[in-house]
Amino acid sequence: MWTKNTASRFIESLLLGLPIPSIFLFKEPNSERQLIIDGQQRLMSLVCFYKETFNDRKFSLSGISSDWKGKTYNSLNEDDQLRLDNSWIRTTIFQQDSPKNNMDSVYEVFERLNTGGVKLSPQEIRSCIYHGKFNKFIHDLNSGATWRKLFGQENKRLRDIEMVLRFFAFFEEEEHYAPPMKHFLNLYMEKNRGRSDEKLAELENIFTNTMRFIESTLGSDVFRPEKAFNAAVFDSVATSIAKGLKGKEPLTQDAAIKAYELLLKNEEFRHGYITSTASLENVKRRFSEAKKAFSVM
């Protein structure tokens, strides 16, 4: 959300009759719902000003030098209220006709058009475009106590939620991985928007049991070989352990400890998580070594 001063300057621009950048909306297929691709901050500023509330405080215009400074909507004179009420913002509404059932191109449009003060992260964009049951599912899993120990504090830019998504994408679709990473995650998230409750419950058990096993066996710093949380170590190790736990001869704690210690000394694995981690070659390299280490065939 913009600061109150930025929102105030936007309202002032409307009162002055200055040109305002267009708003872009995307019409979802098979529904009348329209997603805000670019312009949410502008629309929310208007909503807040009309409600006279900004972050639970009274919204009076600030950070401007005109006579409207300190004004709320109701304290504007009638002419100014009418000027604001009658102002307009050009809006472009688009939809994707083909390919059907693939909104990856919408992600690209969103990424290119988003012009907010703080550029949205890839997962923030996904949460907007691929909203629904699966998006709520990974948000809920993100609050799990064990996962919080492994990842750390909640990330305001949703990087932790992207890691949860990454776990499931590689757990189920690793053999179909193709770069770039963001497209791989986009396609998986779109494909699973309407996953059944039964399947989501199964995936929840897999994720929860895997994180508990990892934290109790390898410790909370397992995904920090060089201090910072390493997404490439996480995706290959976590999914390999998850598959190992489901094998005919389930992975034991002693075997996991030994495998992990040897894996970190494995130069092929290290190469796969240190440089160009999203390249097809290095994804295959680290997953191959991790699966061998944890006896996932």
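**View 1. Packing of helix 1 on helix 2.** Helix 1 (residues 4-16) packs against helix 2 (residues 40-51) at an angle of about 85 degrees, the axes being 9 Å apart. The two helices are therefore roughly perpendicular to each other; angles of 65 to 115 degrees count as such, under 35 as roughly parallel, over 145 as roughly antiparallel and the rest as oblique. Helix 1 contributes Ala7, Phe10, Ile11 and Leu14 to the contact, and helix 2 contributes Arg42, Ser45, Leu46 and Phe49 (contact: heavy atoms within 4.5 Å). Axes are lines fitted to C-alpha atoms, for helices over the stretch in contact, with angles from 0 to 180 degrees between N-to-C directions. Helices (H or I, at least four residues) and strands (E, at least two) are DSSP runs numbered from the N terminus.

The model is predicted: local features need pLDDT of at least 70, side-chain atom pairs count only at pLDDT 80 or more, and totals for chains, interfaces and linings use all residues. Residues are numbered from 1 along each chain as its sequence is written, and side-chain values use heavy atoms, with hydrogens and water left out.

View 2. An open sheet of 3 strands runs in the order 2-1-5 with mixed pairing (strands pair if DSSP finds at least two bridges between them). Strand 2 (34-38) and strand 5 (91-94) are at the edges with a single partner strand each, so one side of each has no neighbour in the sheet. Direction ignored, neighbouring strands are turned by 30 degrees against each other on average. Strand 1 (residues 23-27) pairs with strand 5 in the parallel sense over 4 bridges, and Leu25 stands opposite Ile93 of strand 5. Helix 4 (residues 104-113) packs on this sheet and touches strand 1, strand 2 and strand 5. The direction of helix 4 makes about 40 degrees with that of strand 2.

**View 3. Aromatic pairs.** Rings of Phe, Tyr and Trp (its six-membered ring) pair if their centres lie within 6.5 Å; planes under 30 degrees apart count as stacked, over 60 as edge-to-face and the rest as tilted. The count by this rule is 27 aromatic pairs. Phe167 and Phe168 have ring centres 5.3 Å apart and planes at 80 degrees, so they are edge-to-face. Both are buried (under 20% relative accessible area; exposed is over 50%, partly exposed in between; 1.4 Å probe, protein chains only). Phe170 and Phe184 form a tilted pair, 4.9 Å centre to centre with 45 degrees between the planes. Phe170 belongs to helix 8 (residues 159-173) and Phe184 to helix 9 (residues 181-191), so this pair ties together parts 14 residues apart in sequence.
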